[in-house]
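Please walk me through this structure.

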Amino acid sequence: MTTIREEMWKTKGILFNFAITDLKIRYRNSILGVLWSLVEPLLLLGVLFVVFSTMFRFEIPNFPIYLLLGIICWNFFKNGTTFALNSLTNRSALITQIYFPRAIPGLSAGITASIMIIFELVVLGIFMIAFGFSPPSTVILLIPILALQLLLILGVSLPLSVLNVKYKDTEFIWSVVVHAGFFLTPIFYQFDMMPDYVQNVLQYSPMVQIVTMAHHVVLYGTLPSINSVLYAVGSISAITVIGYLIFRKFQAKVVEEM
Amino acid sequence: MSEYAVSVKHLSKKFTLYHEKRDSIYESATSWFQKKRHNETLQALDDVSFNVKHGEIFGIIGRNGGGKTTLLRIISKIYSGDSGSVDVKGTIIPVLALGLGFHPELTAITNIYQSSILLGFKKEEIEKRIGDIIEYAELEKFADTKIKNFSAGMQMRLAFATSVLVDPDILLLDEVFAVGDVAFQKKCFDTIMSFKKRGKAIIFVSHDMTPIKNFCDRVMFLKDGKVGNIGSPEESVSAYIEYLSKKK
């Protein structure tokens, strides 16, 4: 374990290099370029807003901001994990030519997603100004919440990156998980709209807790409940530890499967 | 110990080969239910030992699939061996036939940065040398061109230029002259000889016996993963040719 960490430290410069080149490659030959990363969540926001405020008449205060915040948090998770999923397979040429720690592509995917969420948060700020919404002082707590979410993303990303090399099925299974997760997370509804028995199960989902906590600190100016914090920290640490163990088991042989 | 730049002892490596030769849907379905294993193991390297001294050009010859590239990959840590040990003194750069793992969608300059950082160099050091690298590769006009628009020879030139100008202690060359033109080949040979003079070790893999005979100090013939012969270039090359004629 120490050797993995030492190697990581030596090649840390490449983490950001990978993250930046990933963004460049992603938006190559496109006119809007990196702006696409903003257009996509905004379009989703538009659709969800029309459907749920006019057709279903949800009455959630500050609904556009509520929606956008949820979409941004969810996108952070979706982007980070799906970038990581293909991070090793996309670099097969490099990996079979030069040795470097196998964790780097998966971790740099988390950095790529972090760069993207910063842009999205700026858009959220613009929305707040446009709707005349002044956030409470607890908004500052969004930073540790997103940091905790980054830990979750990295914990899921590392095993996904190596598993996808060995079993191509990982990619298809993960896309189902991400789709289902979007509906099972309180992004366009409030968690207490769910029946109790559903709430009892879903409260173990780290993303449910992350999004709920984000709503609390940004919209209501209340501290997240101690339960939320415990559930989130507990489930995320468990996922990260298991994820790291899976990664460690597969990482040595991963090149030979390419 | 320290007189050797690379020291390989009793190195073995096995690969699992998966065969997916199923002729019908029925067959593939039944084989799945029977859990029949469609694989066998391939002994890519079998108890290989050799040493390379500083200032030596060490050639490796053998048939396709004879374990040459696997051996270079283990020396450069891309693969890990099953048993045995590999000792390397100093920085090492593997230049395999396909370049340095360049990304087709990135420009020459970006790729040089990416590869050199991965090889353990600092950004400032690369910045100082990047002009020289492009000049050596004779690619001044193409510095900002994406690698996907490069010819195989241009990619090889860029890879070779990058690896010699970051000045490693050990250079692994796998079929690097297969795609370069004559003028560039000459330049490469001159560079390799100057490396040798400065006491650096070079491991050189080729199917072309002329450079092997002309440049190498010692040559190892890998015979289906085993050491067939280690000795003077003439000795190993004739052992290899004899083996080939027997096979026929």
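**Contacts between and within the chains**

Between chain A and chain B there is 1 salt bridge. The model is a predicted one. The salt bridge in question pairs K253(A) with D82(B), and the closest N and O atoms are 3.9 Å apart. Because K253(A) sits in the segment after α11 (226-251) of chain A and D82(B) in the loop between α2 (68-75) and β4 (83-88) of chain B, the pair joins two chains. K253(A) has a relative accessibility of 41% and so counts as partly exposed. D82(B) is also partly exposed, at 41% relative accessibility.

The interface around this pair can be described by contacts and by area. In terms of contacts, 25 residues of chain A touch 26 residues of chain B. The size of an interface is often given as the accessible area lost when the parts come together. For chain A and chain B the buried area is about 2200 Å², with 58% of it on carbon and sulfur atoms. On the chain A side, the residues that lose the most area to chain B are Q97(A), I98(A) and E256(A), which together account for 30% of what that side buries.

Salt bridges are also found elsewhere. Over all chains, a search of the whole structure finds 16 of them. One of these lies within chain A, where the side chains of K168(A) and E171(A) meet at 3.1 Å, N to O. K168(A) has a relative accessible area of 42% and is therefore partly exposed. E171(A), at 26% relative accessibility, is partly exposed as well.

In chain B, the side chains of E105(B) and K148(B) form a salt bridge with an N to O distance of 3.3 Å. This pair links distant parts of the chain, 43 residues apart: E105(B) is in the loop between β5 (92-95) and α3 (108-118) of chain B, and K148(B) is in the loop between α4 (123-136) and α5 (152-165) of chain B. Is E105(B) buried or exposed? With a relative accessible area of 15%, E105(B) is buried, because buried means under 20%. K148(B), by contrast, is partly exposed, at 42% relative accessibility. Chain B also holds a network of salt bridges that links D167(B), D169(B), R198(B) and K200(B).

Chain A has a nonpolar patch on its surface. L32(A), L35(A) and W36(A) make this patch, which covers about 280 Å². L35(A) belongs to the loop between α2 (13-26) and α3 (36-55) of chain A. The relative accessibility of L35(A) is 46%, so this residue counts as partly exposed.

Further along chain A comes helix α6, residues 103-130. How far apart should the ends of helix α6 be? At 1.5 Å a residue, its 28 residues should span 40 Å, and the end C-alpha atoms are 41 Å apart, which agrees. Just after α6(A), G132(A) adopts a positive phi of about 60°.

A last stop in chain A is N200(A), a residue of helix α9 (residues 196-202). N200(A) has a relative accessible area of 47% and so is partly exposed. In sequence, N200(A) and N164(A) are 36 residues apart, while in space the C-alpha to C-alpha distance between N200(A) and N164(A) is 32 Å.

Note on methods: Residues numbered from 1 in each chain as written. Chains lettered and ligands numbered in written order. Predicted model: local features only at pLDDT ≥ 70, side-chain atom pairs only at ≥ 80, totals over all residues. Heavy atoms only, no water. Patch = residues over 30% accessible without salt bridge, like charges linked within 9 Å, V, L, I, M, F, W, Y side chains within 5 Å. Areas by Shrake-Rupley, 256 points an atom, 1.4 Å probe, with all protein chains shown as cover. Salt bridge = Lys/Arg side-chain N within 4 Å of Asp/Glu carboxyl O. Helix = DSSP H or I, 4+ residues; strand = E, 2+ residues; numbered from the N terminus. Buried < 20%, exposed > 50% of the residue type's maximum accessible area, 1.4 Å probe, protein only. Expected span 1.5 Å × (residues − 1). Contact = heavy atoms within 4.5 Å. Buried area = accessible area lost by both parts, 1.4 Å probe.
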